[in-house]
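Here are my notes for you to read alongside the model. Keep the sequence and the structure open as you go. Take the points in order.

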Amino acid sequence: MKGLYEALHRDHQRLDDVFESLLNQMHAGDAEAARETWVRFERELLGHMEAEEAELLPVLDRFDPEEAGTIRAEHLRIRALLAEMGVAIELHTLREERVEAFVRALRQHAAHEEAGLYPWADKELPKPAAERVHGRLAAALDAVKRTAPRPSPGPSPGSP
Ligand SMILES: [Fe+2]
Ligand SMILES: [Fe+2]
């Protein structure tokens with residue numbers, strides 16, 4: 001279904017933007033805002049992966065089960081890193097190296113999907129499944145708008 005690649009790619013960019021705000025808030029020392037952004041980021045990334053697992057991977061299983069398995073394995077690793085990061089944020093022990101490893105894993109995974117899974121889905125995914133993906137992404141965006149985050153103050157020059 002036309003537009004599926006674009007919609008999924010845009011969702012990756014949106015998640016990247018949320019993560020960027022999180023990093024800015026952490027650097028600015030705004031722990032409370034960072035915690036809120038983290039909760040939102042985690043929920044939205046899990047929602048994105050669940051949509052892929054529910055609608056894309058079962059169809060890909062029939063075309064290229066090995067590739068579907070690779071993507072599931074990457075999701076598993078991202079979920080493990082997410083859980084570790086969540087604990088570290090809670091305990092205020094999040095280290096820069098862990099954040100960087102996480103961003104690397106996430107970007108590699110996004111590039112992997114955008115080179116294979118998404119172009120394939122754009123052409124091959126049956127219309128009902130493609131419509132459900134569009135529906136899930138639109139619902140996630142609506143939820144974001146309903147719970148609009150308070151504007152980030154950004155890094156302040158005098159903060160430690
Ligand atoms: Fe994914
Ligand atoms: Fe994705």
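**Notes on the predicted model**

1. Start with confidence. In this chain, helix H5 (residues 117-124) has the highest confidence, at 96, and helix H6 (residues 127-146) the lowest, at a mean of 89. The model is predicted, so read these scores before anything else. The average pLDDT of the chain is 89, and 91% of the residues score at least 70.

2. Next, look at the iron ion (ligand 2). Which residues coordinate the iron ion (ligand 2)? They are His12 (NE2), His48 (NE2), Glu52 (OE), Glu113 (OE) and Tyr118 (OH). The distances run from 2.0 to 2.2 Å. Along the chain, the donors of this ion follow the spacing H-x35-H-x3-E-x60-E-x4-Y. His12 belongs to helix H1 (residues 4-27) and Glu52 to helix H2 (residues 31-63), so this pair ties together parts that are 40 residues apart in sequence.

3. His12 has 12% relative accessibility, so His12 counts as buried. The cut-off for buried is under 20%. Glu52 is at 1%, so Glu52 counts as buried too.

4. Now turn to the iron ion (ligand 1). Its coordinating residues are Glu52 (OE), His75 (NE2), His109 (NE2) and Glu113 (OE). Here the distances are 2.0 to 2.2 Å. The spacing of the donor residues in sequence is E-x22-H-x33-H-x3-E. His75 sits in helix H3 and His109 in helix H4; the two are 34 residues apart, and the pair links distant parts of the chain. Both His75 and His109 are buried.

5. What is the geometry of the site of the iron ion (ligand 1)? The site is irregular, with angles of 81 to 172° among its four donor atoms. To count as tetrahedral, four donors need all angles between 85 and 135 degrees. The ideal angle for four tetrahedral donors is 109.5 degrees.

6. How far apart are the iron ion (ligand 1) and the iron ion (ligand 2)? They are 3.3 Å apart. Glu52 coordinates both.

7. Move on to the largest pocket. About 260 Å³ of space lies in it. The pocket is lined by 17 residues, and the closest to its centre are Met26, Ala34, Ile89, His92 and Leu94. At least two lining residues come from each of H1, H2, helix H3 (65-90) and helix H4 (96-115). H1 gives the most, with four residues. Sorted by class, the lining holds eight nonpolar, five polar and four charged residues.

8. Compare two single residues. Is Leu4 buried or exposed? Leu4 is placed in helix H1. Its relative accessibility is 0%, so Leu4 counts as buried. Leu4 and Trp120 are 116 residues apart along the chain, with 9.9 Å between their C-alpha atoms.

9. Glu84 is placed in helix H3. With a relative accessible area of 39%, Glu84 is partly exposed. The C-alpha atoms of Glu84 and Leu45 are separated by 15 Å, and these residues are 39 apart along the chain.

Terms used. Residues numbered from 1 in each chain as written. Chains lettered and ligands numbered in written order. Predicted model: local features only at pLDDT ≥ 70, side-chain atom pairs only at ≥ 80, totals over all residues. Heavy atoms only, no water. Donors = N, O, S within 2.8 Å, 3.2 Å for Na, K, Ca; no water. Buried < 20%, exposed > 50% of the residue type's maximum accessible area, 1.4 Å probe, protein only. 1 Å grid on protein atoms, 1.4 Å probe; cavity = no way out; pocket = protein on both sides within 12 Å on 5 of 7 lines; lining within 4 Å. Points joined across faces, edges and corners; volume = space filled by probe spheres on them. Nonpolar A, V, L, I, M, F, W, Y, C, P; charged D, E, K, R; others polar. Tetrahedral: all angles 85-135°; square planar, octahedral: opposite > 155°, others 65-115°. pLDDT = per-residue confidence, 0-100.
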